[in-house]
Amino acid sequence: MGNDILTMAIETSCDETSVAIVKNGRNILSNIISSQIELHKKFGGVVPEVASRKHIENIDMIVQQALDKAKITFKDIDHIAVTYGPGLVGALLVGLSTAKALAYGLNIPLVGTNHIEGHISANFIEHKDLEPPFTCLIVSGGHTHLVYVEDYGSYKILGRTRDDAAGEAFDKVSRSLGLGYPGGPIIDKLSTKGNSNAIDFPRAYLEEDSLDFSFSGLKSAVLNYLNNMKQKRQDIVVEDVAASFQQAVVDVLVDKSIIGAKLMDTDIIVMAGGVAANSGLRKAMEERCKKEGITLKYPSKILCTDNAAMIGCAGYYRYRKGQVSDLTLNAMPNLKLG
Ligand code: KG4
Ligand code: ZN
């Protein structure tokens, strides 16, 4: 393929087994995603041991599918990018061991990649002209960060959650409403039929100058509301609870992102992670950004949630900087950004 750089990317940090082939960092040749959601649904959340076992069963097949879909063979790959954290340790180790074996066998570089950096990088695939600097809101099942992306791989953390991640709050509220897993898409859909002003749930802004987040108080407020209503034998309008809860999350995410962008003097806000697929968040952020003269970007839904293409993009920029890992690389469940 001439001077093109082909990355094989592997992502197994949670409940998706995914392998992608990415050309020159931003072009997807294949992005195979095998979701385990159906398997974990009956437990109401991801069971780590079950996730690891399923990754082991799937990974070889997904690697082959990614090659076939991209119409290439192993010898065409220039380097392997792999998520080595943050995530579930057993799940991470499956992808990492596969990546190490391939890098060793093919005698090509291994590039350990940060999962959160991957989420941010999904935007480089979606928006070919996007370049740092920009302000990025990363909202997923495991992470909530407001970050100033100074350059590729260079971050200043403006704020982070002090307790639950935004997606985690969606999942927990969904569970308490008996709606199932993952909660985000279910609550998103129900919210379109509910009144977001029906219940006045709290918005946690924390200290005046803080860009940190907190969602556990909101989660408890929803639980208290549901218990009170049950005790009083009053009907619960699930759509209204969903819409009011979602609005409370969205208000804080939007306000803090705008403050962060102004603080860093950037006129671009980028969203990333599973919760960036939320239609209420997208709409509210679009309206506020328009008012403030800020450009908003986010990935298509399939690139918001976990996928290997985003890891391929992040790995490509690391590779270009010579940030190659050696084969002793270990999984880091609590790996930080930056
Ligand atoms: O980024 P992701 O696939 O995995 C992590 O790295 O955590 O995010 C999964 C999270 C789940 O908590 C899920 O409920 C949430 O993203 N999510 C959504 C939506 N789609 C997925 N949350 C709100 N609205 C959605 N439409
Ligand atoms: Zn993720």
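Ligand 1 lies between domain 1 (6–120 + 304–320) and domain 2 (132–300), because both give residues to the shell around it; the domain bounds come from an automatic or database domain assignment. The structure is a predicted model, in which local features need pLDDT of at least 70 and side-chain atom pairs count only at pLDDT 80 or more, whereas totals for chains, interfaces and linings use all residues. Residues are numbered from 1 along each chain as its sequence is written, chains are lettered from A and ligands numbered from 1 in the order in which they are written, and side-chain values use heavy atoms, with hydrogens and water left out.

The shell around ligand 1 holds 21 residues, of which His119, Gly141, Asp171, Gly184 and Asp188 come nearest; a residue is counted if one of its heavy atoms lies within 4 Å of the molecule. By class, the shell divides into 6 nonpolar, 12 polar and 3 charged residues, where Ala, Val, Leu, Ile, Met, Phe, Trp, Tyr, Cys and Pro count as nonpolar, Asp, Glu, Lys and Arg as charged, and the others, Gly among them, as polar.

A polar side-chain atom of Asn278 is placed 3.0 Å from a nitrogen atom of ligand 1, and an N or O atom in the side chain of Ser140 is 3.4 Å from an oxygen atom of the ligand. From the backbone, an N or O atom of Asp306 lies 3.0 Å from a ligand oxygen atom. The protein buries 89% of the 560 Å² that ligand 1 exposes when taken alone (Shrake-Rupley method, 1.4 Å probe). Two or more residues of the shell come from each of helix H4 (115–126), helix H5 (166–176) and helix H6 (183–191), these elements being DSSP runs numbered from the N terminus (helices, H or I, at least four residues; strands, E, at least two). H6 gives the most, with 4 residues.

Backbone geometry was also examined. Most residues other than glycine have a negative phi, and most peptide bonds are trans. The peptide bond from Pro132 to Pro133 is cis, with omega near 5°, and Pro133 belongs to the loop between H4 and strand S6 (134–139). A cis bond also joins Tyr181 to Pro182, with omega near -10°; Pro182 is in the loop between H5 and H6. Arg233, in the loop between helix H7 (216–231) and helix H8 (238–263), has a positive phi, near 55°.

Note on methods: Polar contact = N/O pair within 3.5 Å; in protein donor to acceptor, adjacent residues only side chain to side chain.
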